Structure formats: structure tokens, C-alpha cells
Amino acid sequence: MNDKNQDTKKTKRRSITRRFTSTSGLILLVVLLVVSAIMAIQLQRMSGDVSALTQTQSDTAQSLSTESMTQKTKKWLVNTAESNAYKADDIFKEFGDSVKTLASLATKIESDPSSYKDVNVSIPDASKDGELSVQLIFAPDTDSTSQKVLNEAAKLGNVSDYLMTSHSIMPGISSNYVATESGIDIVCDYISGTKFDEDKNVITIDITSRPWYVGAKKAKGLYFTPVVQDINTDKYGMMCGFPIYDDDKNIVGVAGAGMYLDSVRDVVNSLDIGDNGFSCIINSEGQILFSSAKEGSFAQAGDTEEAQDLREGDNAELAELVKGALNGKNDIVTLNIDDTDYLIAYTPMTTVGWTYMTILPEEEALADTYQLVDKMAQASDEAKSNIGSLMKQTTVIMLIIIIIVLLVSIVVSMWVARKISGPIVRLKNDAAVISEGNLDYRVAVTGNDEVTDLASQFNSMTNSLKDYIENLNKVTAEKERIGAELNVATQIQADMLPRIFPPYPERDEFDLYATMNPAKEVGGDFYDFFLVDDNHIAMVMADVSGKGVPAALFMVIAKTLIKNRAQMGGGPTEIMNYVNDQLCEGNDAELFVTVWLGIVEISTGKGLAINAGHEHPVIKRAGGDFELVEYRHSPAVAVMEGMNFKQHEFEMHPGDVLYVYTDGVAEATNASDELYGTERLLNVLNDNKDASMKELLEAVRTDVDEFVDEAPQFDDITMLGFVYKGN
């Protein structure tokens, strides 16, 4: 193979020599000296021009390609981080919602025990160790023979079915509880055999001192404990608690649950970030909880107690990045860690206050660009080498011609110079056209010498660059197509909601206005209103669990079922009982929806309403202020089949205003992780209490936007205002 290449080179050299020797007899010695000097200068200039153009083209391609690849990679890393953060955070949200639902059920029992029958819960049975069972345990200072304590335990026994059901719905749950200040603990787990002392007597446990119990009482809301490592299984787990209230709104206990974090770890380990990239989750203590990295600063520690708080590490830039990430920020930065430059995208997990990171070596992100630049540099070096060889050959030939030929005309000498340098000049001009960005231009390839090879290399280099740019354009077009389809889905969802206001211009007994702003392209919130008949108007405000396309599909089904069943007649209880059973069928995704449904008799202002786990409505009486209307909720719709939803009566008088909304309003969060809250909501409503329904809702949305400022919108924001004018 090497011999063949050497023969080819010799052939090319002879072809240039042949061109020189074919004119040598016509050239005089004196003229050749002048022409030789002219040719040497011209070839040197051409060599510099071609080298400069080649280098300019290489630098331009490197700059454009590096910038394009960096932007595409950053966007992909950010989208990947956001997608997996949502998956991981949704696990905690479902876990927290399960505990909230358990607390809601226990609150109803404590507030109205007479409405529930007695359900016996047995003390632990060692023979059921390893089997899921519900057990009754008392605190050390609790009199387990007291009739009052036994009566309370019998009523709380009604949570047994839900405790068992939660384990089947959420396999990650290790145990769940209902514990009270009176020393009662109803627990559902697999380890009944561990609840005995050495004498095989049932142990007593002061559950009120446990961190999840104390934390929930202090927070007066949902509380997650720090992550710990289970001593029996080495699995990572955490606890969650939510207060239980009596009829006087006093905390009388806490509902809690523990869960293993295997599913969260799987979210991290299942993500493929290139050849050397990885992802990780950092908890609120600044520790790496889960990571797909096997070694280095981002590797997962064997025990959370041994894990380092990255905010206090030696790498100051990494410490500042983690601080910002745990404060709810999301961004992508370039950072040097372990002597390697990484692209790091991070986004918050709002439910537990953690952050999710996707990390890729910058060198890997730009690997394709580096290969292209190397090829161009190689082609440039070959071009310089060929021009240098050509100049050496020309010098030798001119010396031979000077010795052999004595006379030559200056005209012929100049013609020979142009004959030799012409292809290089054309090649320089062609290279200038290509360097201006015309990648469709092709260098003419004629002859069989080194300049011809150089022209072919220019064409090959241009083809490679054009193919690379076309591939980038195809990837960009595909991403734009997906974005367009999501835009169509957003429009379809918006078109399903009534958006023409006023909706009933011929009716002057009432006025209403509603809005819905999804957090993502499509959302799970929805509102609806329609005339059941000429004298009754129905209003719906609902929020589907979850976000994005699954929640939007579930929203379509729920909205359709509610409206169709309402138009068949009957009260809110009949409507919601029917819709609940329909939504429970085939609900493998385990979605649920909170619903406020109200039906108002237009002629009298009397109404019936159901609140299935939804936000408390707000009402303003004529001449008065907006006030929160609080009463016991029914559970959310689609949580359990066969549930009976309770309705309550209300009455509106001329001038009264009703305002209903989803939790995207009250739970809107700013950059400091502060909630908007119902107090701010009431303030802005009362500041605009004489405004029209449209102006009132716009004032609320403006105030929420000013509060949130630059923080991202994490939940759908949906509102409906209804003013009753009467006859």
C-alpha cells in the first residue's frame, strides 16, 4: 500500500516537471532569473493566502458548531432534569396526598364520631409477622382499659380499610399510622412480630415524640422527615405526617406514613446521560441522596450520616450552586469539578425542597465539533504541506532550466508563471467563496497533481460541514414539530372550556366570569358552568392530580361525566356519586380529582353544593366583605369506589358574590418559597369587591403574578366568579 502511494506521488511530480520541461527550451537564462523571482514571490503569497483562508474557515466552523452544539446540549440537559425532577417529585406528592387523605378521614371521625360505627382493631399478633395487618398500640402513660380511650380507638378503627388500601395503591409505603394525643396508635405494617418485649408482652410506644409527629404538629401541615437508612434492609426511607383536627380545629393527633425511596432511586439510575454523564438528587441537607455516578464528588455516600453537605465543601462554586438550587432556583452552568469541566442543569423538587441535577462532561457535549475541527485542521496542514512541496519542486526545476536554457522571452516566461500559478489562484478564489458561507459551491477538480488533490480535499471538507449542519437542522425541526403538537393540545383543551363572556347575555339575574392558566402546555385544572334548566345553573371548579398530558386527559373525562350527569337531573350528591364510580373504573394511573360543584336556583338564590377535597370557596354578602366559607370536605373524587358525597345548602341574596378557585392560587410560590395564601387572596378580593367579575379575576391574577415575580408557575391557576342579582 505504501509503495503504491509513493508511485502515485512520483507520477504527480513528473506531471509538474513535464509542464516545466515542455517550455524550458523557450526561456532565456536572464529572463528565467526574473521569472523565477516573480514565481517564488507569487507562490509564497498564494501559500499564505490559502493557509489564512483555510484557518479562517476552520475557526468559523468551530465557532458556529461549538455554539450550536452547546445550546442544543444545554436545552436537552435542562429538559431532562425538569422531566425527571417532575417524575421524582410526583412520587412524594402522591405520598403526601395519601397522608393528607388519611388525615382528612381521621379528622372527620374525630369531629363527628357519632356518624361512624365501632370497628375493632386488635393488638399486635406475632403469628402475623411478615403479613400486612392493622394493629392497636398504646402509649406508656395511656390507660388501655379506659372506656373513653377504647371508644376513641373503636371509632378510629374506621381508617383500617384505608390503611390497607394505601399499601396496595402505593407499593413504596412501608407503614402508615393514625396516632392521637390520647396515646392511641393504629398502625398498618408487616412487622407485627417486632412489637413485643423479651417477655413476649406487647410493647408501648410514645408515638407523640416521634420526629414525624412532632414535625407535623409544629408545621400544622404536611411535614417530611429527613431521609434515614433502614437498619434492617439498608434501604433509604423517610416519614411524612399531617395533623388531625377535632371539631374545634384543635390538633388531636397526626396521620403519618413511612416509605422506601427505591422508586426515587430508580428514576435517577434509569436515566442515560451520554457515555460519561450522570444524574443525582440532592436533599435539603445539601447531601447527595441518590446518584448514578460511581466515583468522584457526585458519587453517592454509603450512609446519609456520612454524606457531606456540599454547601460546606471545599469547592466554593459548587457550594454556591447547591445553595441556589435548594432555594428553588433552576439553571444550567459550566463548573469544574474533579479537574473536569461539566455542564450541570438543576431544577427544584418543590414537594420536599430537594433539587435534581443532570451532569455531562463539556468535552463529551462538544465531541462532534472537535472531530470536525480536527478534520479541517488536518486538511489545512495537508494543504500547507502540498504547497511547500510544490515550491521546493519549482525551485529545483528553475535551477535546472537556468543551467540548460540561455534565452527566453519575457512574454513566454510570464506565460509560464501564469501557467503554474493559475490553479492556485483559482483555488484561493474558490476557497474565499466557501469561507463566506456558500457551502453549495464546489471547487473545479481538473488535472492530476497536488493542487488537484487539495481542491478535492476542499470539496470533501465542505460536504462534511454541510452534512453536519443539515443533521442539526433536522433535529431542530423535529423538536419544533413536537412543540407545535403541544400547542395544538393546549388550544384543544382551552376550546373545551366555556370562554364566551357574558355567557348568557339574555339573563340579567346573574353574571359570571372564569379563567384557566395552565402551568405547562396542557393542565389538569378545569372549570365549567351550564344551565341545567331555565331556573338552575350549575358551576364546577376542579383540579386533577398530576400535571401535563395525563392530567389533561383525565380532566376531559371528568368534565364530560359531570356535565352529562348533571343535565340528567338530581342533586350534587347523586351527580358526584355517579361520577366517582365511573372514574374509579379502570383508573390504573390512580389519578383523582378535587371538585367543588354548586347548583343555584336562579329564582330564589337557594343552592346545593359539594366540596370533594377542594379549596374552600369565598363569598361576599351584599355590602359586606369577602369571607372564606369553611366546612368539612368530602374525599377527592376517584379515590375509592362506592363513596357517598355529602352536599350542603347555601343561599345567595341579590348582590352576593361567590368566588371559587384551585390550589394554584393559594399555593402559588415565590422565589423565597413563600405561599401566596388565602389571607393575601382575601385582601385583594376585598380591595376590588365592587369590581365586575372579569375585573375581579384579573386583579387576583395580577396580584399573584406580582407576588410570584420571576419564580416559575408550578401549578395551574383557575378561578370563577359568580354574582347573584336576583329578579
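Colleague: With a relative accessibility of 16%, does Cys584 count as buried or exposed?

Modeller: Buried means under 20% relative accessible area, exposed means over 50%, and partly exposed lies in between, with a 1.4 Å probe and protein chains only. Cys584 therefore counts as buried at 16%, and Cys280 is buried too, with a relative accessible area of 0%. Please keep in mind that this is a predicted model, in which local features need pLDDT of at least 70 and side-chain atom pairs count only at pLDDT 80 or more, whereas totals for chains, interfaces and linings use all residues. Residues are numbered from 1 along each chain as its sequence is written, and side-chain values use heavy atoms, with hydrogens and water left out.

Colleague: How many disulfides does the structure hold?

Modeller: A disulfide is a pair of cysteine sulfur atoms within 2.5 Å, and the structure holds zero of them.

Colleague: Why is strand β22 described as largely enclosed by the rest of the structure?

Modeller: Strands are DSSP runs of E with at least two residues, helices are runs of H or I with at least four, and both are numbered from the N terminus. Strand β22 covers residues 717–724, and because eight of its eight residues are buried, it is largely enclosed by the rest of the structure. Ile717, Met719, Gly721 and Val723 point one way from β22, while Thr718, Leu720, Phe722 and Tyr724 point the other way, and all are buried.

Colleague: Which strands pair with β22?

Modeller: Two strands pair if DSSP finds at least two bridges between them. Strand β13 (residues 510–517) runs antiparallel to β22 and is joined to it by eight bridges, with Asn517 standing opposite Ile717. Strand β21 (residues 657–661) also pairs with β22 in the antiparallel sense, over five bridges, and there Tyr661 has Met719 as its bridge partner.

Colleague: What span does helix α12 reach from its first C-alpha to its last?

Modeller: The expected span of a helix is 1.5 Å times one less than its number of residues. Helix α12 (residues 548–566) has 19 residues and reaches 27 Å, close to the 27 Å expected. An α-helix has 3.6 residues a turn, so residues three or four places apart point the same way. The buried residues of α12 include Ala551, Phe554, Met555, Ala558, Leu561, Ile562 and Arg565.

Colleague: Where is Asp588 found, and is it buried or exposed?

Modeller: Asp588 is found in the loop between α13 (572–584) and β16 (593–601), and at 71% relative accessibility it counts as exposed. Its C-alpha atom is separated by 9.6 Å from that of Ile169, although the two residues are 419 residues apart along the chain.
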